[in-house]
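This report describes one structure for a reader who has not seen it before. The sequence and the model come first, and the description follows.

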Amino acid sequence: MFPNNFAYRAPETLEEALDLLEANPWDGKLLAGGHSLLPMMKLRMAAPELLIDINKIEELKGISEQDGYLRIGALTHHSDLERNLQLVPVYPLLARTARWIADPSIRNRGTVAGSLVHADPASDWGTTMLALHAEVEVASKSGRRRIAIDDFFVDTFTTALNEGELVSAVYVPTPTGEPHARYMKLERKAGDFAIVGLALQVETDMNGVVSQAGIGICACGPTPLRAVEAEQALVGQSLTADVIKHVSGLVSHSAEPTSDLRGTAEYKRDLLRVFARRALTEIRAEQSGEERVS
Ligand SMILES: Cc1cc2nc3c(=O)[nH]c(=O)nc-3n(C[C@H](O)[C@H](O)[C@H](O)COP(=O)(O)OP(=O)(O)OC[C@H]3O[C@@H](n4cnc5c(N)ncnc54)[C@H](O)[C@@H]3O)c2cc1C
């Protein structure tokens, strides 16, 4: 199907893009990778009169460490994080997540910020940014503000962005302990959205005790969700078999899966338990040097 007619502008500065957004509050839409917006337009679920292509804006590009955070520019592609091996030792969850998203052509065009703003409950980045306790930086004509990722997802396809605001970057806190991470996902077929997914990162101290934990749940509710109880149960613990079993059982307490063609709610809850147990067991092996950190 073809989309409705639309006008197209490609500003080269953030200021210009914000002017266009302000002038077109209802009928203007930002275009990043286009891999969520264009399908929506073709299905006539979205019919913007103006597309504001932000791909030329240098300020929205790049990845850098600053003030205890990794700043991921809004136009960072999924593949930029998949292939950046320098980031892997400190931010292992980024590459582990990126490789699960769709296929290489989508990973080359789709952006982290576009994925977050689209706010699909099955967004792999949404799930991972929860596990990483990230913050979303937002720019508008009146300045910048940061939104904690827990406050960013309001509902399915709905975020806390106000009219005239765009996402300029995502900030991931730099770990203070030793980071270990896994992304687990069950797909109907390779490259598909998750039936169920789980992002898990722990930071451990010199004795292997967990000092910080983050667990995101994918495709089990109206938005990506945080497994709060399981996170709390991990902090202060070593990854013994008993702790892993206990924590894995807690993850689904925070999930709200529904039964559909891809599986029953009960099946999805059990998948979360299995994914958490598998992730933590692999991390325990990694800690003891049985498995190479990739
Ligand atoms: C076949 C297929 C399979 C896919 N599989 C997966 C998958 O397995 N896992 C997964 O997580 N995703 C998947 N996706 C989605 C993909 O990751 C998209 O790239 C992503 O969701 C949107 O990013 P984008 O840059 O393409 O955004 P766009 O499509 O350009 O924009 C999406 C929305 O965000 C807005 N927007 C974009 N950038 C900004 C910004 N900086 N500030 C404010 N608003 C902005 C747009 O206006 C639009 O409303 C898939 C997509 C396709 C087509």
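Which residue in E3 is the bridge partner of Arg9? The bridge partner of Arg9 in E3 is Ile52.

## Basis of the model

This is a predicted model, in which local features need pLDDT of at least 70 and side-chain atom pairs count only at pLDDT 80 or more, while totals for chains, interfaces and linings use all residues. Residues are numbered from 1 along each chain as its sequence is written.

Helices (H or I, at least four residues) and strands (E, at least two) are DSSP runs, numbered from the N terminus. The protein chain is divided into domain 1 (7-52), domain 2 (61-173) and domain 3 (178-287); these bounds come from an automatic or database domain assignment.

## The three-stranded sheet

An open sheet of 3 strands has the order E1-E3-E2, with parallel pairing; two strands pair if DSSP finds at least two bridges between them. Strand E1 (7-9) and E2 stand at the edges with a single partner strand each, so one side of each lacks a neighbour in the sheet. Neighbouring strands of this sheet are turned by 25 degrees against each other on average, direction ignored. Axes are lines fitted to C-alpha atoms, for helices over the stretch in contact, and angles run from 0 to 180 degrees between N-to-C directions.

E1 is joined to E3 by 3 bridges. Helix H1 (residues 14-23) packs on the sheet and touches E1, E2 and E3, and its direction makes about 160 degrees with that of E3. Contact here requires C-beta atoms, placed from the backbone, within 7 Å.

Strand E2 (residues 28-31) is joined to strand E3 (residues 50-53) by 4 bridges, and the two run parallel. In this pair, Lys29 stands opposite Leu51 in E3. E2, helix H2 (residues 37-42) and E3 make a right-handed β-α-β unit, where right-handed describes a clockwise path from the first strand over the helix to the second, with the strands pointing away from the viewer.

## Around the ligand

The ligand is surrounded by 27 residues, and the closest are Gly33, His35, Gly110, Thr111 and Gly114. A residue counts if its C-beta atom, placed from the backbone, lies within 6 Å. H6 gives the most to this shell, with 5 residues. Domain 1 and domain 2 each supply at least three residues of the shell.

## Domains 2 and 3

The C-alpha centres of domain 2 and domain 3 lie 20 Å apart. Across their boundary, 24 residues of domain 2 are in contact with 23 residues of domain 3. On the domain 2 side, the largest share, 6 residues, comes from H7.

Notes
Two residues are in contact if their C-beta atoms, placed from the backbone, lie within 7 Å.
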